[in-house]
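Trainee: I would like to go through the terms used for this model and see what each one rests on.
Mentor: Then let us take them one at a time, with the structure in view.

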Amino acid sequence: PMTTCVEEAKSLHKLVSEYEKRGNGTFLINHSANYREQTKAAQSLVMSGKLGRIRLITAIFASPLTWLFDNKANKGWNEPDDSGKMIGNGLAWGQASHMLAWIYHVSNVTPSRVYCQMTNSEKTGADVSHSATITCEDGVVFSLTGTSLLPGYEHSKPPVGKRIAIEIYGTEGTLIYGGDDQDPLSGYLELRIAD
């Protein structure tokens with residue numbers, strides 16, 4: 001995530017705008033999935049118009065992170081920072097931003113309203129599951145869910161990876177993207193068109 005504070009985000013936006021006007025400097029956020037070949041292909045398919053007008057986006061992100069969010073020693077992941085601006089911490093605060101960055105990058109939709117509900121760890125209070133309905137400009141409806149309750153551990157044998165499933169529905173077709181990040185053979189990108 002870029003920041004967990006609205007005021008910091010506005011300050012960063014102002015700085016980026018000033019640098020852009022002068023033609024110097026680059027502002028980058030680490031959303032490395034946005035630069036993968038599958039992402040470029042997905043964005044190209046959406047921008048080509050093959051989906052028609054986007055009407056619905058669904059996305060789920062499941063990660064084996066119970067060990068992180070249930071451990072009180074992981075304060076940086078489980079408690080608000082010292083700024084006094086955060087109202088929580090956990091999965092949505094640290095992981096959902098990556099999924100959102102991918103979806104906004106590929107689909108070019110702009111959110112206008114959000115309703116979200118969360119469940120929290122009984123041990124630390126960190127959010128461990130969330131479900132959001134996002135209304136976007138141009139009437140697109142977006143459903144985002146995430147959980148850290150996927151059993152397993154990414155460094156175990158066999159490792160358990162994050163599971164991702166994204167579907168973008170348009171008036172002419174659907175783009176389906178997903179997989180398990182520990183298994184490169186599980187990843188797929190599929191375009192289904194109306195004909």
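**Terms and values**

Mentor: Helix H6 has twelve residues and spans 16 Å from its first C-alpha to its last, close to the 16 Å expected at 1.5 Å a residue. The expected span is 1.5 Å times one less than the number of residues. Helices here are DSSP runs of H or I with at least four residues, strands are runs of E with at least two, and both are numbered from the N terminus.

Trainee: What kind of model is this, and how are its residues numbered?
Mentor: The model is predicted, so local features need pLDDT of at least 70 and side-chain atom pairs count only at pLDDT 80 or more, while totals for chains, interfaces and linings use all residues. Residues are numbered from 1 along each chain as its sequence is written, and side-chain values use heavy atoms, with hydrogens and water left out.

Trainee: Why are H2 and H6 called oblique to each other?
Mentor: Helix H2 (residues 37-47) and H6 pack at about 40 degrees, with axes 8 Å apart. Axes are lines fitted to C-alpha atoms, for helices over the stretch in contact, and angles run from 0 to 180 degrees between N-to-C directions. Under 35 degrees counts as roughly parallel, over 145 as roughly antiparallel, 65 to 115 as roughly perpendicular and the rest as oblique. H2 and H6 are therefore oblique.

Trainee: Which residues make that contact?
Mentor: Thr39, Ala42, Gln43, Val46 and Met47 in H2 meet Trp102, His105, Val106 and Ser107 in H6, where contact means heavy atoms within 4.5 Å. The residues of this contact divide into five nonpolar, four polar and no charged. In that scheme Ala, Val, Leu, Ile, Met, Phe, Trp, Tyr, Cys and Pro are nonpolar, Asp, Glu, Lys and Arg are charged, and the others, Gly among them, are polar.

Trainee: What makes Gln95 buried and Gln43 partly exposed?
Mentor: Buried means under 20% relative accessible area, exposed over 50%, and partly exposed in between (1.4 Å probe, protein chains only). Gln95 has 12% relative accessibility, so Gln95 is buried. Gln43 has 24% and therefore counts as partly exposed. Gln95 lies in the loop between helix H5 (91-94) and helix H6 (96-107). Leaving out residues up to four places away in sequence, Gln95 touches Phe61, Leu65, Trp77 and Lys162.

Trainee: Why is strand S3 described as largely enclosed?
Mentor: Seven of the ten residues of S3 (residues 127-136) are buried, so the rest of the structure largely encloses this strand.

Trainee: How do you know that S3 pairs with S2 and with S4?
Mentor: Two strands pair if DSSP finds at least two bridges between them. S2 and S3 have nine, in the antiparallel sense; S3 and S4 have seven and also run antiparallel. Thr119 stands opposite Ser129 in S3, and Ala132 opposite Leu144 in S4.

Trainee: In what sense do S1 and S4 pair?
Mentor: Strand S1 (residues 54-62) and strand S4 (residues 141-147) are parallel, over seven bridges. Ala62 stands opposite Thr147 in S4.

Trainee: What makes S2 and S7 edge strands?
Mentor: The open sheet has seven strands in the order S2-S3-S4-S1-S5-S6-S7, with mixed pairing. S2 (111-120) and S7 (183-193) each have a single partner strand, so one side of each is left without a neighbour in the sheet.
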